[in-house]
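Please open the structure in your viewer and keep the selection tool at hand. This tour goes from one selection to the next and says what to look for at each stop.

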Amino acid sequence: MKIRHFLLYGTLDPKFGGPTYSIPIQCIGTQREGAQMSFVVQESSKPWEDKLIEEGVEMINIPDPKSKFEHSFAIPLKNYLSGCKDLPDIIHFHGVWMPCNLYVAKYGLRHNIPYVINPRGDTEIARINYDKIKKIKKQIAWHLYGKRIVDNAACIIATSEQERDSIRTLGSKVPVAIIPNGIELDAFPKEVVHNHGEKKVLLFLSRINPIKGIEYLIDAWRQLDTNLTNQWELHIAGNSDPKDYIDTLKAKVNGLGLSESIKFIGPVTGEAKMRKYQDSNLFILPTLNENFGNVVAEAMMCECPVITTKNAPWSCLNEDKCGWWIDLSVENLVNTLIEAMSLTDEERHKLGQMSRKSIVNRYSAESVAKKTYRLYEWVLGKCGKPDFVYTI
């Protein structure tokens, strides 16, 4: 069974966020299950390809775009597809809106190759509606080609019920499989050691983007009693997207006189990121929309208790009683922060230990890979419909 992945962003550079972590895990997992995996990415991915190559995944590098035009219209990918004669059994690509998605879908249809899609949040209604100008562009793209891409898919892979429902809201009736992102448990420390500093740390770590709800967090922080915040610091880590958005946040923090307790610490990756989770006392993602949220799983695996919103699919925080899953508002953030920050270190450590158990039980890469492999078999008519595939 030959499966070929096409990466939404083109490159595995970690600065592009969760998919550059979760897609390789997905690829490696199904390779281990017995599929013959290949992965089409840009040449700039080479510094991050070693693990994939070690696992036997064939890496197919296409040239990086040399201009904004080549990037916008995915010219290197288009050129690759026009000359590609090595046909896989299934195509698996990520995203909906980009021209590259249209090219790959057309390639599959032209050669009678079934394809599956991970939208990676592209079909989330909240994300579509967030920016008025982009909403209009996406509505046009949906009617021009997006709906056709989705409706011709053999199956859509949603990472949560929330994402499945958004696909149905858009009017698509294709089969939808709910398969969460897999977590590579071996990538995390076997024994978590916390080295907390003199001041306790509330950590935000993600793309610094308006949809992540950081402004809500700053407004909530401002309302906390200084007797509490004097014992804590809020650390905001990540790449700014767009680049100047972080300047807006810094200006807000300075204007509110909070620069002593809110620190912008830049991007944190690799082992330093694992260390940061372990050394922080709480993790927060006050997002307006998240189709999964890898950083939540990472924090939980590092035994850092999590606060996030019901705009992200993390109901297990409440179900397993290991964190806080709340409706997004400044008032709710204030009340939750007071509760979480007022706990003892021992109480937070117990929540962290329960958080790690929750991830191990629900999201191991091995269990996710088995589901993905079985989905591929179903698409090829080799097995009955899995119970995690929903049809109309």
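**First stop: S206 and its contacts**

Select S206 and, leaving aside its neighbours within four places in sequence, you will find S206 in contact with K212, A237, G238, N239 and L285, where contact means heavy atoms within 4.5 Å. What you have open is a predicted model, in which local features need pLDDT of at least 70 and side-chain atom pairs count only at pLDDT 80 or more, while totals for chains, interfaces and linings use all residues. Residues are numbered from 1 along each chain as its sequence is written, and side-chain values use heavy atoms, with hydrogens and water left out.

S206 sits in the loop between β8 (200–205) and α9; helices (H or I, at least four residues) and strands (E, at least two) are DSSP runs, numbered from the N terminus. Is S206 buried or exposed? With a relative accessible area of 12%, S206 is buried, a word that means under 20% relative accessible area, whereas exposed means over 50% and partly exposed lies in between (1.4 Å probe, protein chains only).

**Second stop: helix α9**

Next select residues 214–223, which form helix α9, and colour its buried residues, I214, L217, I218, A220 and W221. Seen down the axis of α9, these buried residues fall within an arc of 165°, so they line one face of the helix; the arc is that of the directions from the helix axis to the C-beta atoms. An α-helix has 3.6 residues a turn, so residues three or four places apart point the same way. Turn to the face of α9 that looks away from its buried side, and you will find the exposed residues R222 and Q223 there.

S261 is buried, with a relative accessible area of 14%. Apart from its neighbours within four places in sequence, S261 is in contact with W221, W232, E233 and L234.

**Last stop: the whole protein**

Finally, show everything: the secondary structure of the protein comes to 17 helices and 14 strands, and the C-alpha trace spans about 65 × 40 × 40 Å along its principal axes. Of the 392 residues in the protein, 54% are buried.
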